[in-house]
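Good morning, and thank you for the time.

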Amino acid sequence: MEKIRKSEAKDNEVIKAVEEMKKAGVKMLRDKEWREEDGLMLREEKVYVPKDEALRVEIIRLHHNMPMGEHGGQWKTAEMVTRNF
C-alpha cells in the first residue's frame with residue numbers, strides 16, 4: 001500500500017477526481033464512486049492502483065504467489081486482485 005501512496009504515476013481521471021474533491025473540500029465524490037482514505041484513492045471501495053506497470057505487475061505477482069491450496073490459474077489470480085484493487 002505504501003508503494004501505491006508514493007507512486008508518481010498519473011492518470012487523468014484520478015487527477016480530475018482529486019481536483020474536484022479539493023475544490024469542493026470533501027473526501028468523497030459522486031456518491032461514493034471516488035473517495036480518499038489514508039492517502040489512497042478508492043474507487044467503488046477498491047484501492048486505485050496508478051498506471052505504474054511495475055507496481056501493477058508486483059501486485060499481480062503477490063496475488064499469484066499466495067498459498068491457495070490449489071493453483072487456480074490466471075482467472076483465479078485476476079479475481080483475487082480485483083477483490084481489493
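Helices and strands here are DSSP runs, numbered from the N terminus: a helix is a run of H or I with at least four residues, and a strand is a run of E with at least two. In those terms, the elements run α-α-β-β-β-β-α-α from the N terminus on, giving 4 helices and 4 strands.

Please keep in mind that this is a predicted model, in which local features need pLDDT of at least 70 and side-chain atom pairs count only at pLDDT 80 or more, while totals for chains, interfaces and linings use all residues. Residues are numbered from 1 along each chain as its sequence is written, and side-chain values use heavy atoms, with hydrogens and water left out.

The protein has 85 residues, of which 28% count as buried; buried means under 20% relative accessible area, exposed over 50%, and partly exposed in between, with a 1.4 Å probe and protein chains only. Contact means heavy atoms within 4.5 Å. Of the contacts with a separation of 6 or more, 40% are between residues 24 or more positions apart.

Let us turn to the strands. Two strands pair if DSSP finds at least two bridges between them. Strand β2, residues 34-37, pairs with strand β3, residues 40-43, in the antiparallel sense over 4 bridges. The two form a hairpin with 2 residues between them, and Asp38 in that turn has a positive phi of about 55°. Across this pairing, Arg35 stands opposite Leu42, and Glu37 has Leu40 as its bridge partner. On its other pairing, β3 joins strand β4, residues 46-47, again antiparallel, over 2 bridges. Here Arg43 is bridged to Lys46, and Glu44, in the hairpin of β3 and β4, takes a positive phi near 50°.

Next, the pockets. On a 1 Å grid over the protein atoms alone, a pocket is an open set of points where a 1.4 Å probe fits, with protein on both sides within 12 Å along at least five of seven lines; lining residues have an atom within 4 Å of a point. A volume is the space filled by probe spheres set on the points, which are joined across faces, edges and corners.

The largest pocket holds about 430 Å³ of space. Its lining has 21 residues, with Val14, Val18, Gly39, Leu40 and Met41 nearest the centre. Helix α2, residues 12-24, is among the elements that supply at least two lining residues, and α2 gives the most, with 6. By class, 11 lining residues are nonpolar, 2 polar and 8 charged; Ala, Val, Leu, Ile, Met, Phe, Trp, Tyr, Cys and Pro count as nonpolar, Asp, Glu, Lys and Arg as charged, and the others, Gly among them, as polar.

The second largest pocket has about 200 Å³. Trp34, Arg43 and Phe85 are among its lining residues, and α3 provides the largest share, 3 residues.

Leaving aside residues up to four places away in sequence, Arg35 touches Met21, Lys27, Met28, Leu40, Met41, Leu42 and Glu45.
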